[in-house]
Amino acid sequence: VSTQSTWGKNKVIKMLLVKVMLRRAGARGFSSRKNAFELSDGFPYKFGGVSGELSTSRSRHIEQWLGPLAGDSIVDGFKLAFLSLLDALEAGDKEFIYSNCESRLSSKVAACMDAMSQSNARLKLLESSSCVPYLNLLRLVYGANPNRELGPKDKQANKVPMFDGAEAVFFIPRSPNAQFFQSISRPFAQVEVLFDTKTVLSLEGSETVSPSAEVHRILFENHPEDTQQFGGLDILKLVGSMGLRDLANIQKDPSTQLKLLKQMMFSGNYSWKIADIDDFMGGNPL
């Protein structure tokens with residue numbers, strides 16, 4: 001789930017596939033007991049799925065917009081991350097959870113895993129070739145830090161609609177003396193993906209031979225490894241490096257605007273993290 005720039009690197013996908021295959025070959029997990037069914041209500045993964053509108057047109061629009069920024073294989077990366085998450089939950093692999101989930105989410109998921117283990121419950125992954133991702137929401141975030149402990153203190157969120165399923169959120173300082181572009185965290189993106197899938201988790205003893213398709217909601221976000229502040233001078237440097245033609249077109253040419261956004265949000269090293277699973281964290285607000 002973590003890459004130097006995007007999930008659009010074939011070797012990263014191959015490495016994840018090998019890890020999934022090895023985990024399945026040496027299946028380890030939890031043993032079962034009846035009180036596990038009571039624990040399932042508080043488990044981050046919602047057995048039976050969640051509700052959600054599966055819109056092909058919205059998904060394609062977001063993918064067309066996001067692809068040039070984050071890489072053409074980004075949707076494949078989201079799907080692989082989701083399937084790897086299911087493998088990790090079945091196997092009780094807390095290392096995967098801590099490495100690939102946002103810190104607050106990972107702590108709570110690990111605690112739920114411990115509770116399931118102590119109840120002697122066993123999770124079973126029912127596999128199928130049917131798993132279709134739908135990009136449901138793209139959110140570009142300015143002025144906040146993906147580290148919730150360093151969240152947007154004393155700032156007000158201002159949402160600006162972009163198109164169906166996409167928005168930009170600017171966290172503006174409440175103080176009249178503060179300057180927004182003087183010192184802000186590097187912008188980052190959040191992508192909510194709905195998975196229409198027959199590859200599902202079940203509690204042992206409740207699984208069916210042919211499971212019905214379920215919808216599961218995963219929130220991804222890219223975490224820049226460079227956590228230094230990103231101020232107005234940095235933006236001026238980026239704009240100054242774009243060339244005279246791009247500068248002349250920046251206000252009216254969408255491709256030039258995308259080029260600037262890519263430099264701001266997807267340059268350098270960063271990692272995609274899972275920030276929420278089936279609304280377990282209520283969207284994991286910043």
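In the predicted model, Asn120 is placed in the loop that runs between helix α6 (103-118) and strand β2 (123-126). The phi angle of Asn120 is near 60°, a positive value in a residue other than glycine. Most residues other than glycine have a negative phi.

Strand β7 covers residues 188-197. On one side of the pairing scheme, β7 is joined to strand β3 (residues 131-142) in the antiparallel sense over ten bridges. Within this pairing, Val193 of β7 is the bridge partner of Leu135. Strand β7 also pairs with strand β9 (residues 214-224), again in the antiparallel sense, over eight bridges. Here Val193 stands opposite Ile218 of β9. Nine of the ten residues of β7 are buried, so the strand is largely enclosed by the rest of the structure.

The largest nonpolar core comprises 54 residues. Phe78, Leu89, Ile97, Phe220, Phe266 and Trp272 are the members with the most contacts inside this core. Helix α4 (residues 74-91) gives the most to the core, contributing ten residues. Another core, of five residues, lies apart from the largest one and includes Val141, Ala144, Val169 and Phe188.

Lys273 is located in strand β11. Its relative accessibility is 17%, and Lys273 therefore counts as buried, the limit for this class being 20%. A polar atom of the Lys273 side chain lies 2.6 Å from the backbone oxygen of Ser99. When residues up to four places away in sequence are not counted, Lys273 touches Ser99, Asn100, Cys101 and Glu102, together with Leu219, Phe220, Glu221 and His223. Among these neighbours of Lys273 is Phe220, which is also listed among the residues with the most contacts inside the largest nonpolar core.

Notes: Residues numbered from 1 in each chain as written. Predicted model: local features only at pLDDT ≥ 70, side-chain atom pairs only at ≥ 80, totals over all residues. Heavy atoms only, no water. Helix = DSSP H or I, 4+ residues; strand = E, 2+ residues; numbered from the N terminus. Buried < 20%, exposed > 50% of the residue type's maximum accessible area, 1.4 Å probe, protein only. Pairing = 2+ DSSP bridges. Core = buried A, V, L, I, M, F, W, Y, C linked by side-chain atoms within 4.5 Å. Polar contact = N/O pair within 3.5 Å; in protein donor to acceptor, adjacent residues only side chain to side chain. Contact = heavy atoms within 4.5 Å.
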